[in-house]
Amino acid sequence: MFSIFVTINVQPEHIKEFKEASLGDSQGSTRDEPGCFRFDIHQDATNPARFHLHEVYRDETAFEAHRKTPHFLKWLGTVQAWFDGDPQVTVMN
């Protein structure tokens with residue numbers, strides 16, 4: 001197993017759009033990628049502009065394949081300008 005935990009702070013005026021775009025990436029990942037087992041999106045209860053993504057893949061190769069999918073590239077191209085700082089990524093096995 002290979003998984004990541006990503007914390008993303010979003011500019012407050014883009015929270016709604018971020019949630020909508022992220023749902024599309026999550027659904028595409030679990031629906032279209034046999035190597036993606038989970039893709040959870042959590043909004044911080046104390047800071048609504050902070051999101052946590054928990055993604056679980058068969059292995060690192062499946063994760064790298066995810067990063068080349070149309071739904072991921074669309075998501076990144078849409079939401080990256082809304083980030084408030086750099087995402088923090090924790091890689092787990």
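User: Let's start with A65: which helix is A65 found in?

Analyst: A helix here is a DSSP run of H or I with at least four residues, a strand is a run of E with at least two, and both are numbered from the N terminus. A65 is found in helix α2. One thing to keep in mind: this is a predicted model, where local features need pLDDT of at least 70, side-chain atom pairs count only at pLDDT 80 or more, and totals for chains, interfaces and linings use all residues. Residues are numbered from 1 along each chain as its sequence is written, and side-chain values use heavy atoms, with hydrogens and water left out.

User: Is A65 buried, exposed or partly exposed, and why?

Analyst: Buried means under 20% relative accessible area, exposed means over 50%, and partly exposed is in between (1.4 Å probe, protein chains only). A65 has a relative accessible area of 43%, so A65 is partly exposed.

User: Where does R58 lie, and what is R58 in contact with beyond its neighbours within four places in sequence?

Analyst: R58 lies in the loop between β3 and α2. R58 counts as partly exposed because its relative accessibility is 43%. Contact means heavy atoms within 4.5 Å. With neighbours within four places in sequence left aside, R58 is in contact with M1, F2, P34, G35 and F37.

User: Now α3: which of its residues are buried, and which are exposed?

Analyst: Here's the general idea: an α-helix has 3.6 residues a turn, so residues three or four places apart point the same way. In α3, the buried residues are H71, F72, W75 and V79. They cover an arc of only 100° around the axis, which puts them on the same side of α3; the arc is that of the directions from the helix axis to the C-beta atoms. P70, K74 and G77 are exposed on the other side of α3.

User: What do the buried residues of α3 pack against?

Analyst: They pack against β1 (2–9), α1, β3 (50–57) and α2 (60–66).

User: At what angle do α1 and α3 pack?

Analyst: Axes are lines fitted to C-alpha atoms, for helices over the stretch in contact, and angles run from 0 to 180 degrees between N-to-C directions. Helix α1 (residues 15–32) packs with helix α3 (residues 70–79) at about 165°, their axes 9 Å apart. That makes α1 roughly antiparallel to α3, a term for angles over 145 degrees. On the α1 side, F18, A21, S22, D25, G28 and S29 meet H71, F72, W75, T78 and V79 in α3.

Conventions: Parallel < 35°, antiparallel > 145°, perpendicular 65-115°, else oblique.
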